[in-house]
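Colleague: I want to read salt bridges in a model. Can you take me through some cases?

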Amino acid sequence: GKELSLYMQGLYERTEKIRAKQVMKEKDNMLKITTDGRKAALSTTLVGIPQPYDIHNKIYACVNKVYEIYKNYPSGCQIVFCDIATPLNKVFNLYAELKVRLGEKGIPGREIAFVHSCENEEARISLFNSINSGKIRILIGSTVKLGIGANVQRKLKALHHLDIPWRPADMVQREGRIIRRGNENDEILIFRYVVKGSFDAYSW
């Protein structure tokens, strides 16, 4: 979309200033640019530029794919991984946005859960049992909270990488939720959402 294209041009200009040593490292640096680029690739809303909910929107693409699988595999469960715009993000709670958009498609809110809503280990275990029984069909979480020690594989049909974690090891942890002994599905689906002209392709 044009929102992202304009923002990426701005990142390029910031990079050129850094290379030319026209800006203090404390004010702007490549780490800040990388972080802003990752945010914008997910949604320009995270960098202060409202993004229309349309075919150029990564959330739009993910919602449609999740719904398609939900409809085509009535007993299958799904995980959506997103590390950037979690419920803790004060600018844009992407988890809540996903739940609203999935609800608009007809998926009941009771079948969608956030791992961030678990306040203790007992709540986590209860949530994971609900996934394994098929009571909850869609689980949304971050690599930190869901990537290790989450045995939710029994009915997992699909995994969605809405953003890209920092390290390759994080990818292994994410996909270890679904590529795991005890999964009742003979075939699974893994989706990576990449926005053309964004930091996504570089990160992958």
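Modeller: Start with Asp28, which forms a salt bridge with Arg14; the closest N and O atoms are 2.8 Å apart. The pair ties together parts 14 residues apart in sequence, because Asp28 lies in the loop between α1 (2-19) and α2 (30-42) and Arg14 in helix α1. Helices (H or I, at least four residues) and strands (E, at least two) are DSSP runs, numbered from the N terminus. This is a predicted model: local features need pLDDT of at least 70, side-chain atom pairs count only at pLDDT 80 or more, and totals for chains, interfaces and linings use all residues. Residues are numbered from 1 along each chain as its sequence is written, and side-chain values use heavy atoms, with hydrogens and water left out.

Colleague: What counts as a salt bridge?

Modeller: A side-chain nitrogen of Lys or Arg within 4 Å of a carboxyl oxygen of Asp or Glu. That rule gives 14 salt bridges here. Arg14, Asp28 and Asp36 are linked in a network of them.

Colleague: Is Asp28 buried or exposed?

Modeller: Buried, at 11% relative accessibility. Arg14 is partly exposed, at 22%. Buried means under 20% relative accessible area, exposed over 50%, partly exposed in between (1.4 Å probe, protein chains only).

Colleague: Which residue does Arg174 meet in a salt bridge?

Modeller: Asp83, at 3.2 Å, N to O. Arg174 sits in helix α7 (residues 168-175) and Asp83 in the loop between β1 (77-81) and α4 (94-105), so the pair ties together parts 91 residues apart in sequence. Arg174 is buried, with 0% relative accessibility. Asp83 is partly exposed, at 26%.
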